[in-house]
Amino acid sequence: MFNALNSLITSGSGVNLLIIMIIVPALLALITIIIPKRSYFGRAILFLIATVVNLLFAISLFVGEEMTMLIPWADFGINLSLRVYDFSQFMVLAAACFAFLVALYSISFMRNKSYSGKFFFYYLITLALVNGALLANNLVVMLFFWEGLLVTLFGMTIIGNAKRPAVAMKALILNGVADLLLMFGIAITAMQAGTMAMDMIVDIPMEGLGIVGFVCMMLGAIGKAGSMPFHSWIPDAAEQAPLPFMAILPAALEKMLGIYLLVRVCLTFYDFTPGSTLSIVVMAIGAITLVLAVAMALIQKDMKKLLSYHAISQVGYMILGIGTALPVGIVGGIFHMINHVIYKCCLFLTAGSVEKQAGTTDLNKISGLGRFMPITAICFIIAALSISGVPPFNGFFSKELIFDAALESGVIFYIAAILGAFLTAASFLKLGHAAFFGPVKLPEDVREKDMMEAPGAMLLPMIVLAAFCIFFGVGNAIPLSIIQPLLGDALGGANFAGWPHSTVLVLISIGVLLLAVLNHYLGYRRTGEGIKAVDHIHYLPGLHQVYNCAEKHYFDPYNILMLLFKFISYLCFAIDRCINWIYDVLFVKTIQGATTAMKNFNSGSTSRYIAWMFTGMAFVLMMFILLL
Amino acid sequence: MPAYFATSMYAFMGAPLLVILVLTLAGRKLAEKWALTVGYIVGIIQMLTSIIAIILLWQYNKASITFSQFWSIQANDGAAYFSADVFSLIALFCIGMVTFAAFYTAKTMIGKKAFQFTNLMMVMILGMNGLALVTDLFSLYVFLEITGVSSYVLISINRDNKGLEGGFKYLIMSAIASAFILVSLALIFINTGSLRYEDISAISSSWMELSNPILILVAFVFLICGFSIKSGLVPFHGWLPDAYQSAPAPVSIMLGGIVTKMVGVYAIIRIVSNLLVESDTVVNTCFMVLALMSIIYGAVAAAGQKDFKRLLGYSSISQIGYIILGVSTGNILGYIGAIFHFFNHATFKTTLFVNSAAVEQQTGLSDITKMGGLHKQMPITGTSNIIAFLSAVGIPPLAGFWSKLFIIIAVWQTNGAIIASIALVASIFTAVYFLRIQKNIFFGPVNEKFADIKEAVKGFKLTEIALSVITIGCGLLFPVLLLLLQAQGIV
C-alpha cells in the first residue's frame, strides 16, 4: 500500500514526496489556526489527521528508495536540495511516530486550555520544520529549518505564560547562541569542503579552521539536543510550558535532531577519529553533562522538573557514546537516542497524566497515586526501569553499548557513566516510590473519590511507548538492524544485537543497580518517606552547599552569560556617558567659554574694533611678506 | 541681439533715480502713502528684469551685455561703461529680492518715516546696482561710497541711541575701509595708468617684474584689508554684529541680506576672478586664512548669542567666510559654489531676518532665551525658519547643500582634505547655533507670556513663503542652474 502511495506521489504528478513532508504539516497547521476557536473538536481532529497523514507519508518514505530533489535557488551553491537515505528515513519515521503519539495525548490534555489552538499550530509547524531539517541536503537549507525551530520553540514556551516571558527568553537566547555557533560552523564547513551539498561533504581533515568548524557545528548540534552548557532552560520550561511540549520538543524531537546532526558531523562531515583530542573533548562534555544533570535530578521534588533534568543527563550518554568515535559507541549513542525518546516521552506523558488528574506534580503534595492510576503507574515503572538500564528493557542494551565504548576510551568516562547510572536509578526509585507508592496523599482541592485513571486517549500513547520500551529491549535486533548499516564499512562486520557481549560489564551494571536499590532502602529506612530516600546524598557535607548554589542558579550558564552581558552593557553605558559628557559638558563649556571671550572682544568699543582691524592688516602684510 | 535688450539694462540705474524724483516731486503726503508700495514694485521689476536678461543672454549665447550710462563705449581713455554678465544679473536679482522683502515687511516697522526710508533705500539700491554693473575699479569705489552713505543713515533712521551708535561704528569702519581702498587704487593707478578691469588684470601675472613691486604689494594689502572690512571678515568684523543688531528690522534685512555681500563679497569675487586672472597664491592664501577664521569665529560666537539679530550677524560672518573660501580656491568649481552660495545666503539670511523681525514684532523681544513654543502660534514663520536654517546648514536637497558641497569639493581639490574638513566641521556648528534658535524660539514648551500671540502679519507671511519657495526650488532645480551657468561660460 505504501509503495503504491509512494509511486503515486513520486511519479504521475511530479510532486516530490520529500517536499510534501514539509508542506503538508505546515499547510494543515495554517488550516488548524483558522478553524474557529469554539470548535475545539474540529481543530483537534484536524490536528490528529495532520499527524496521521505525516505518519503515513513517513512510512511510505521509509519503505521507499533513497531519493533526492534539487531546485536551484540562489548562487554560492545554495540550492533547495532535499535527500532521504537510510538514516533520515528512519529518523523521519521515528519523528512522525512520536509526533502522532504525543498529538493523540495532547488532544485530551489540551482540552479546556485557552492556548490549545496556538499549541496545535506550533506543533504542526514544528513537525514541518523537523522534517525539513532531517531531509535537508544543503547546509543552508538545513540551517533555515533549524532556525525556524527557534521560533516555534519560543512560541510554545511562551503560550500560557505570556505574562512571564523570562523562560521563553531564556530558551530563545540559549538556543539562539547554539544556533549562532552552528551558523559559524556551517560557514566554515562549507568553506572547507567547497560545497554546501551535505552528501558531498566527506571527511574534512581536522586541522586549522577545520577544528573550529567541527567544534562550532558540534556545539550547535548538542545545543539543540539540550546538552550542557545549553541546558538550563529545560528545567525552567518544564515548570511552565504545557507538558506535551516538553514531551515532544526537549524530550523527543530536539534530541533526535541534535543527535542526528552530531552523528552526521562526527561520522561523515569530519575526519573524527577515536582517541583524538576532539574526541576526548566531546566525551568530556557528555560525561560532565550526564553526571551533573543527574545529580541535579536526584534532589528535585517536582516530577516534571526531575524528568527534565534526566532529559539533559541522558543526552550526556548519547554524546559520550558518539564522542568515543568507536562503532560500538556510535551505534550505542543512536540506539540510546531512540530508546531515550521512547521512555522519556512515556515518562513525561505519565507526568502529564498525574498533572491532569491530581492537578500538580509536586512530590510533596502527592503520594500513592498507583492506587488510582494503575495503568499510568505500570507505564511509569516500565519506562523508569528502562531509563535506569534494567534488563531486558531497551535502555539497558543501549547503555551497555555506551559503557563498552566508554571503557574502551578511558576508565574515567566509564566511571562517570556508571555513576550516572547509579544516580539515575536512585532518583527514579525515589520518584516512583514517592509518586505512586506509599500512603495516599492528595492536594487539598482534590477529593479521593474523584481521583481516577487518565482518559483513554492519554493512556494509549503511554501504553504504546511502554510496549516499545519492552519491544526494543527484547527485540533489540530490529532497531539495531536499521542503525548498524548507517556506519557502513566502519562497523567492520560487527553485530551488537542480542545480549551484551561483555558479561563483566553487565554484572557491574547490575551490581550498580542493586547498590542503588540498597541505597534507596537505607534512605527510606532512615527517613521513613520515599521522597526523602536520597536526602543523605543531598545533605552530604560539602555536597549540600554545592547543591544550594546550584539550586540558586549560580551555575546556570544563562545567568553567567547574562551577567557578562550586564557587565558589557554597563561598560557601554559608561562609554556612552563619557561621550555624552564630551557633547553635553565639554563642548558646551568650551563654546560658552569661547563665546564669552568673543563677547568681551565685541564689547562695542569702536577703538578696540579699529585696533583689531589694524592687527588684521599687520597680519595680512606679514602673510604677504612671508609667502613671497 | 535686439536693441531693446541693452536699453532695458538702463532700468537698473534708472528705476531708483526715477522713484526718488517722482516721490520728491509728488509731495509729502502722497509720497508717504505710496512710497513703500513703489519700493517693492521696484524690487519686483528688478527681479523680473534680471531674470529676463539672464534668459536672453542664454538665448543669444552671449557672455555679457555692455552698455554705457553717460559716455560712449567707443571713447578710449577714461571711459566708464557698464557690463552685465550672469554673475552681475544674479547679484541684481538678489538685490531685487531683498529689496522686495525689505519693503514688503517695512509697512508695519517703519511707520511715518516711509518717504525718507524709501528715498534712502533707493540710493542704496542705486549704489548696489552700480556695483554689480561697473567695469572699472574707480566706479566700483564710487558706488561703494553711495551704498555706504545711505546705509549709515538708514541704520540710524530711528534716531535712537542704539541706531546712532551702530551707524556711527559702521561709518567709522567703512571710512577706514574706503581710505584703504582709495590708497590701493591710487597705487595701482600709478603702476598701470588705468583702472579698467581688463587693463589691470595684466599686473597680476607680472607684478614682480614691475618697476616698483613693493607699491603693488602694499596696494594688494590695502585692497584686501579694505574689502575685508566691508564684508566683515574676521578680524575686520567688529562693526558688523553691532550694526545688524541696532538697525531697524527692514534695514537689517537689507544689510544682512545683501548690502554687506555686495560691497564686500561681490567686490572681492570681481577682483579675484577678474583682476587677478591668474590666481595669485598669496592673495588666495590670504583670503583662505581670513575665510577660515571667519567661518570658525562666526560659528562659535553665534553659538552663544542671545539676541536673534546679533546671532544672525555672526552667522553672516561665518557664511561670508564660506563664500570667500570658495573664491580663494581659484578654481571654477569654487567660483560656482561661491556665487551660488552668495545667492543662497541672500535668500536664507533674508528669510531669517524677516523671521526675526516677525518674532520681534509679535513678542516685542529679540532675546531668544526668553521665548519658547512659538511654532504653534506662528507656524509659517517657524516652518520657513526651519527651511532657511536647513539650507544654511547644507541639508540636501535645499539650495544651501549644493553651494556648500561645491565649495568644499573645490577646497578639497586645491587645498587638501584638512582645510575641507575644517570647513565641514564648522558646518556642524552652523547646525548647532541654528538648532539653538529653533529650539529656543519655536520648539519646546509654550511660554505663558506669549500664549495669545498670533502669526505675523500678511507682509511677513508672504515674504517668508516666497523666499522658502525660492530656497526649495533652487535646491531642486540646481542642475538646471548649473547648466545655465556653464552655457554662459561665466565661471
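# Reading a two-chain model

Mentor: Let's start with a pair of helices. In chain A, helix 13 (residues 327-358) and helix 14 (residues 374-388) have axes that come within 9 Å and cross at roughly 145°. Keep in mind that this is a predicted model.

Trainee: Which way does helix 13 of chain A pass helix 14 of chain A, left-handed or right-handed?

Mentor: The crossing is left-handed.

Trainee: Which residues of helix 13 and helix 14 of chain A make the contact?

Mentor: From helix 13 of chain A, they include Y343(A), C346(A), L347(A) and V354(A). Helix 14 of chain A answers with residues including C379(A), F380(A), A383(A) and I387(A). The contact residues divide into eight nonpolar, five polar and no charged.

Trainee: Which residue of chain B has a positive phi of about 55° although it is not a glycine?

Mentor: That's R159(B), and you'll find it in the loop between helix 6 (137-155) and helix 7 of chain B.

Trainee: What makes R159(B) exposed?

Mentor: Count again: R159(B) has 9 other C-beta atoms within 10 Å. Exposed means 12 or fewer, so R159(B) is exposed.

Trainee: How do you know whether N440(B) is buried, exposed or partly exposed?

Mentor: This one takes care. N440(B) has 19 C-beta neighbours inside 10 Å. Buried needs 20 or more, exposed needs 12 or fewer, and anything in between is partly exposed, so N440(B) is partly exposed.

Trainee: Where is N440(B), and which residues does N440(B) touch?

Mentor: N440(B) belongs to helix 17 (residues 417-442) of chain B. Leaving aside residues up to four places away in sequence, N440(B) touches I368(B), T369(B), M371(B) and G372(B).

Trainee: Why does D556(A) count as buried?

Mentor: D556(A) has 20 C-beta neighbours inside 10 Å. The cut-off says 20 or more, so D556(A) reaches it and counts as buried. D556(A) lies in the loop between helix 21 (543-551) and helix 22 (557-601) of chain A. The C-alpha atom of W233(A) is 9.2 Å from that of D556(A), although they are 323 residues apart along the chain.

Trainee: What does the largest nonpolar core look like in numbers?

Mentor: That core has 215 residues, and those with the most contacts inside it are C345(A), C346(A) and A417(A). Its largest share, 20 residues, comes from helix 10 (residues 243-269) of chain A. Beyond four places away in sequence, C345(A) touches F98(A), V102(A), A247(A), A251(A), A252(A) and L465(A). A second, separate core holds 187 residues, including L89(B), F117(B), M288(B) and F308(B).

Trainee: How many residues of each chain take part where chain A and chain B meet?

Mentor: Chain B gives 25 residues and chain A gives 22. On the chain B side, helix 12 supplies the largest share, eight residues. That side divides into 20 nonpolar, three polar and two charged.

Trainee: Where are the cis peptide bonds that involve P235(B) and P397(B)?

Mentor: One joins V234(B) and P235(B), with omega about 5°; P235(B) is in the loop between helix 9 and helix 10 of chain B. Another joins P396(B) and P397(B), with omega about 0°; P397(B) is in the loop between helix 15 (379-393) and helix 16 (399-415) of chain B.

Trainee: In chain A, where is confidence lowest, and where is it highest?

Mentor: Helix 1 (residues 2-10) of chain A is lowest, at a mean of 54, while helix 22 of chain A is highest, at 87. Where pLDDT is low, the predicted coordinates should not be read in detail. Across chain A the average pLDDT is 81, and across chain B the average is 85. For the complex, the predictor gives an ipTM of 0.86 and a pTM of 0.61.

Terms used: Residues are numbered from 1 along each chain as its sequence is written. Chains are lettered from A and ligands numbered from 1 in the order in which they are written. This is a predicted model: local features need pLDDT of at least 70, side-chain atom pairs count only at pLDDT 80 or more; totals for chains, interfaces and linings use all residues. Two residues are in contact if their C-beta atoms, placed from the backbone, lie within 7 Å. Helices (H or I, at least four residues) and strands (E, at least two) are DSSP runs, numbered from the N terminus. Ala, Val, Leu, Ile, Met, Phe, Trp, Tyr, Cys and Pro count as nonpolar, Asp, Glu, Lys and Arg as charged, and the others, Gly among them, as polar. pLDDT is the predictor's confidence in each residue, from 0 to 100. A nonpolar core is a set of buried Ala, Val, Leu, Ile, Met, Phe, Trp, Tyr and Cys residues joined through C-beta atoms within 7 Å. Axes are lines fitted to C-alpha atoms, for helices over the stretch in contact, and angles run from 0 to 180 degrees between N-to-C directions. A crossing is left-handed if the near helix is turned anticlockwise from the far one by less than a right angle, and right-handed if clockwise.
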